[in-house]
Amino acid sequence: MEFNVIKCHGSGNDFFIIDEMTHPYELTDQQRSSLTILLCNRQSELGGADGILFVQASERADARMRVFNSDGSEASMCGNGLRCVARYVCEKLSLKEAVIETMKADLQVSVQNDLYDGVPTYLVEISPISFNVKDLPLHIEEQELIQRPLPALSEDLEFTALAVPNPHIIAVVEKEQLQSDIQKGMSEYVNGPNDLFPDGVNVSFVLPLRKGHIYVRTFERGVGFTNACGTAMSASSLVTCLLELNNKGEIIEVYNNGGKVRCVVHEDHIDLIGNASYVFSCQVNADLNANEFKIKNKEEYTEEIAQYKELEMQASSFLREYL
Ligand SMILES: N[C@@H](CCC[C@H](N)C(=O)O)C(=O)O
């Protein structure tokens, strides 16, 4: 099987885009899953990725996005990935805004002014939002978990559980808690066989930096720690508004290990604004039975890579004041 592939990232959360909208690849879900495990291997020639974004034709929107995590599982939503798909679809169809069908909702996306000179920037809608534990699912007696302890995970921390619509638990922490290894331990527990989160969950630690500025680190279900998780940064922004650390309707600068994004929390959705960067394009010839692939015609987006590096350096020098 031969595919055209684009390596892209949003805040260093990296993906391969495979366009099934204009190429009739005719993949089964089993093949999408196996291909994702094969190409996302960090030890391979392509350098791996956190997942694959399959762009497909939609009957009711401009395009459809399906997201597979690096372990081959399918996720209902991906905020950083949606920005990359937004760019791909808007450029392909010459649009400034579009609607992308995802597993649980049709979402608005639009081109924005560059977040940093030469860094393509897109706004994506994060919705629907639910605090009902059934929507994660999280198996507890109560209907919601908002700033409450979960003793099976921690004696000290308080958590908020929400689906946007993929599942997240968020803890607002202090610097010492961020620097300890408690996030890793609890994330591995809730993403292994366990009674609380039977489908696993994305786990984020949020450090408030100053009004309107937060840092978020996420252990992603189906992947592990990533540089950033778009839905997690959106969910974390919402949680800081509930705690009155930030305000709805105002820009929240969200720093992460791969750069920064902006979030604006509204009553029924969150705007996630950030880069949609291309790294390289190539052709991949994959043999799923032999579990191997070859690549050819690799071309790097060198200028874009250099411009993003500057944004990243600016963000990390700001973060150094706090971490
Ligand atoms: N990186 C994504 C989220 C990808 C899916 C997630 N790992 C899940 O299984 O829910 C983002 O940017 O939102």
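Modeller: The side chain of Asn 69 has an N or O atom 3.0 Å from an oxygen atom of the ligand. That is a polar contact, meaning a pair of N or O atoms within 3.5 Å; within protein, one must be able to donate a hydrogen and the other to accept it, and residues adjacent in sequence count only if both atoms are side-chain atoms. Asn 166 also has a side-chain N or O atom by a ligand oxygen, at 3.1 Å. For Thr 231, a polar side-chain atom lies 2.6 Å from an oxygen atom of the ligand. The ligand on its own has 370 Å² of accessible area, and the protein covers 99% of that. Such areas come from the Shrake-Rupley method with a 1.4 Å probe; for residues, only the protein chains shown count as cover.

A word on the source. This is a predicted model: local features need pLDDT of at least 70, side-chain atom pairs count only at pLDDT 80 or more, and totals for chains, interfaces and linings use all residues. Residues are numbered from 1 along each chain as its sequence is written, and side-chain values use heavy atoms, with hydrogens and water left out.

Now the wider shell. There are 14 residues around the ligand, and Asn 13, Gly 79, Arg 221, Gly 230 and Thr 231 come nearest. To be near, a residue needs a heavy atom within 4 Å of the molecule or strand. Helix H2 (79-93) supplies at least two residues of this shell, and so does helix H5 (230-242). Helices (H or I, at least four residues) and strands (E, at least two) are DSSP runs, numbered from the N terminus.

Next, strand E9 (residues 160-163). Thr 160 and Leu 162 on one side are buried, and so are Ala 161 and Ala 163 on the other. Buried means under 20% relative accessible area, exposed over 50%, partly exposed in between (1.4 Å probe, protein chains only). E9 pairs with strand E10 (residues 167-172) in the antiparallel sense, over four bridges. Two strands pair if DSSP finds at least two bridges between them. Thr 160 has Ile 170 as its bridge partner in E10. The two strands, E9 and E10, form a hairpin with three residues between them.

Glu 244 is found between H5 and strand E14 (251-256). Its phi is positive, near 60°, and Glu 244 is not a glycine. Most residues other than glycine have a negative phi. Glu 244 is exposed, with a relative accessible area of 67%.
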